[in-house]
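The sequence and structure are shown first.

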Amino acid sequence: MLSEEQNKALTQVGAGTPMGELLRRYWMPIAAVAELDDHPTKPVRLLGETLVLYKDKAGNYGLVDRHCPHRRADLSYGWADDCGLRCHYHGWLWDHTGRCLQQPFEETAHPEARFKDRVRIKAYPVEAKAGLLWAYLGPPPAPLVPTWEPFTWANGFVQIVFSEVPCNWFQCQENSIDPVHFEWLHSNWSRALNGADGRSPTHLKVGFEEFEYGITYRRVLEGQSEQDELWTVGRCCLWPNCLFTGGHFEWRVPIDDGNMLSVGWFFDRVPNEMEPYKQDRIPYWVSPIRDALTDRWITSHVMNQDFVAWVGQGTVADRTQEHLGESDRGVIMMRRRILEDAERVARGEEPKAVIRDAEKNRCLRLPIIGRDFFVNGSSRVESEISRQRTPGLPLRKEFPFLTGQPEEVRAAYRRAMGLPEPGVDARSPAG
Ligand code: FES
Ligand SMILES: [Fe+2]
């Protein structure tokens, strides 16, 4: 059980708070590259700050204050100019470093005054990687955007999915180190929702271990042993706000103390028969979390079930009222470690998993169950056999994680995988 003070320390994300300062040492994914190609401006709330992301016509990405320093107009209605973001109210032009490049009427009235040199807008660096746009709100020098191993893989169909979840980010991240929930929240609850009998294999043993970039969790399920990869390799909670399962990442990006942007990055390896496969554009979509008809949370997909658990804990889970047990060892370990890191930052030291070594960052190796599959692929038949052995590996026919996948993404996925159009041939080897 935690004190109220400890609960606050874990959950507050604003500048100047211990966790807010820690989180500002890491790059946060906030949008998809393709998203800004479709709409060059995007209103963003991140770590309690109200901002606007844009891409100008020269290709620069900027992340600046939402309000224009002139008379506070909302710059998410501004337009991306040749170089910078132009305010729609009086035309002042801001660049991605925070400089004011033009003040049209001021320059006509007092060309020699150079008023523009005396005003700046708050601006943060943005970088593109793996189809995502990343923002860094911390002090310079900014570290490197991590090149996690899956970002270097070829022959995959990648998609990015966003959901806004109305609760604090930290209870979402605690789920990244909670193996037992999978058995209940996903497997058994899905059975109950579908009216199916029986139970899924139960957890016999769980283990947690800190490593360079986070904490791994391992499990032995009924019917498996310590020789299986779920125990020998495990999955991981990546520092400070991500779950990595082997084939996908889920970032829990703090919007503010009471809201979280879930950013999912999903990799599906195409079968060897479909190689070489190259994606011209990584698709992105927004998954709804609430059923419009009933106004209840959607429960049909894996991550939606997670969301139900997280929002159910309250906007900010009250950890003074908990009763932690053996299944929560990972949660306890993570809380302790992240609070230590917040103290480290307060002392001016570097926290865990900040990447600054460019050579190493060419590819950051992670624990990956079924790595060979993702890297080398397999034939359709082989992958079907292996999938039955290790759930979660390709080749999936439907997207199981989030509801609302747009039809064009589904169709692009099926084409990439060589799956027949639905209804064409239900008995194909992949069907
Ligand atoms: S408020 Fe933006 S230019 Fe006037
Ligand atoms: Fe889950």
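## Strand pairing and domain contact

In this predicted model, strand 15 and strand 16 form a hairpin, with three residues between the two strands. Their pairing is antiparallel and extends over three bridges. Within it, Leu 238 stands opposite Cys 242 of strand 16. Leu 238 is also the bridge partner, in strand 15, of Gly 214; strand 14 (residues 214-221) and strand 15 run antiparallel and are joined by four bridges.

Both faces of strand 15 (residues 235-238) are covered. Arg 235 and Cys 237 are buried on one side, and Cys 236 and Leu 238 are buried on the other.

The sheet is open and consists of eight strands in the order 13-14-15-16-17-18-12-19, with mixed pairing. From one strand to the next, the twist averages 20°.

Strand 12 (residues 156-165) runs antiparallel to strand 18 (residues 259-269), and ten bridges join them. One of the pairs places Val 161 against its bridge partner Gly 264 in strand 18.

| Helix | Strands concerned | Angle to strand 12 |
|---|---|---|
| Helix 8 (residues 302-312) | touches strand 12, strand 17 (248-256) and strand 18 | about 25° |
| Helix 12 (residues 407-417) | lies across strand 12, strand 18 and strand 19 | about 155° |

Helix 8 packs on the sheet.

Helix 6 (residues 180-193) has 14 residues, which at 1.5 Å a residue should span 20 Å; the end C-alpha atoms are 19 Å apart, which agrees. Helix 6 is followed by Gly 195, a residue with a positive phi near 70°.

At the level of the whole chain, the domain assignment gives domain 1 (32-135) and domain 2 (149-417). The C-alpha centres of domain 1 and domain 2 lie 34 Å apart. Domain 1 contributes twelve residues to the contact, and domain 2 contributes 13 residues. On the side of domain 1 that touches domain 2, helix 3 (33-38) and strand 2 (41-46) each supply at least two residues. Helix 3 provides the largest share of that side, three residues.

Terms used: Residues are numbered from 1 along each chain as its sequence is written. Chains are lettered from A and ligands numbered from 1 in the order in which they are written. This is a predicted model: local features need pLDDT of at least 70, side-chain atom pairs count only at pLDDT 80 or more; totals for chains, interfaces and linings use all residues. Two strands pair if DSSP finds at least two bridges between them. Axes are lines fitted to C-alpha atoms, for helices over the stretch in contact, and angles run from 0 to 180 degrees between N-to-C directions. Two residues are in contact if their C-beta atoms, placed from the backbone, lie within 7 Å. The expected span of a helix is 1.5 Å times one less than its number of residues. Domain bounds come from an automatic or database domain assignment. A residue is buried if 20 or more other C-beta atoms lie within 10 Å of its own, exposed if 12 or fewer, and partly exposed in between; C-beta atoms are placed from the backbone.
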